[in-house]
Amino acid sequence: MLGSGLSQRGFVKATTIMSLEQILFELEQNKGPRRDPEGYFFSVFGQPGGKETWGWRVEGHHLSLNFTIVDGDKVSATPSFMGTNPGEVKAGPRKGLRVLGREEDFGRSLARSPFR
C-alpha cells in the first residue's frame, strides 16, 4: 500500500525512516520504549475501489501518512509527516545516513535567508 501512495523516492524515504527504529533500539540499549521497524499501523476507511470516498493511513514513530480517494480518481495525501530519529546516524554500518538531510539543509538555508 505504501508504494501505491508514494513516489519511488517517497517510498524509499518512508521505509528508511521505518528502519531507523532498529538503530534507536541499539542506541537506547533496550532502556527506552520497544523499538520495532515493523511497529507501524495501517488503517483503511470506507470501501476501497469504486466511486465511493475512502482512505487509508500509515502511522508510527516519525511517520504519519494519510490518503483519501474521492470519485475513484481524486487523491489527497494530507496531512502527512515524515521525521527522523536519529537525524544523522553517527556510527555503525549506516554511519552518515541522513534520511531527510536534503530537506533539513534546505530548511536551515531558508531560515537563514534574507528573504524570510
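**Getting to know an aromatic cluster and its chain**

Phe-42, Trp-56 and Phe-67 form one aromatic cluster. This is a predicted model, in which local features need pLDDT of at least 70 and side-chain atom pairs count only at pLDDT 80 or more, while totals for chains, interfaces and linings use all residues. Residues are numbered from 1 along each chain as its sequence is written, and side-chain values use heavy atoms, with hydrogens and water left out.

Q: How many aromatic pairs are there by the ring rule?
A: Rings of Phe, Tyr and Trp (its six-membered ring) pair if their centres lie within 6.5 Å; planes under 30 degrees apart count as stacked, over 60 as edge-to-face and the rest as tilted. By this rule the count is two aromatic pairs.

Q: Are the rings of Phe-42 and Trp-56 stacked, edge-to-face or tilted?
A: Their centres are 6.3 Å apart. The planes meet at 20 degrees, so the pair is stacked.

Q: Which strands hold Phe-42 and Trp-56?
A: Strands here are DSSP runs of E with at least two residues, helices are runs of H or I with at least four, and both are numbered from the N terminus. The pair ties together parts that are 14 residues apart in sequence, because Phe-42 lies in strand β1 (residues 41-45) and Trp-56 in strand β2 (residues 54-60).

Q: Is Trp-56 buried or exposed?
A: Buried means under 20% relative accessible area, exposed over 50%, and partly exposed in between (1.4 Å probe, protein chains only). Phe-42, at 40%, is partly exposed. Trp-56 has 4% relative accessibility, so Trp-56 counts as buried.

Q: What is the centre-to-centre distance between Trp-56 and Phe-67?
A: These two residues are both buried. Trp-56 lies in strand β2 and Phe-67 in strand β3 (residues 63-70), so their pair ties together parts that are 11 residues apart in sequence. The pair is stacked, with 20 degrees between the planes and a centre-to-centre distance of 4.4 Å.

Q: What pattern does the chain follow along the sequence?
A: The chain has three helices and five strands. Read along the sequence, they give the pattern α-α-β-β-β-β-β-α.

Q: What is the radius of gyration of the chain?
A: This radius is taken over C-alpha atoms, and the globule rule is 2.2 Å times the number of residues to the power 0.38. For 116 residues the rule gives 13 Å, and the chain is well over that, so it is more spread out than a compact globule. Its radius of gyration is 17 Å.
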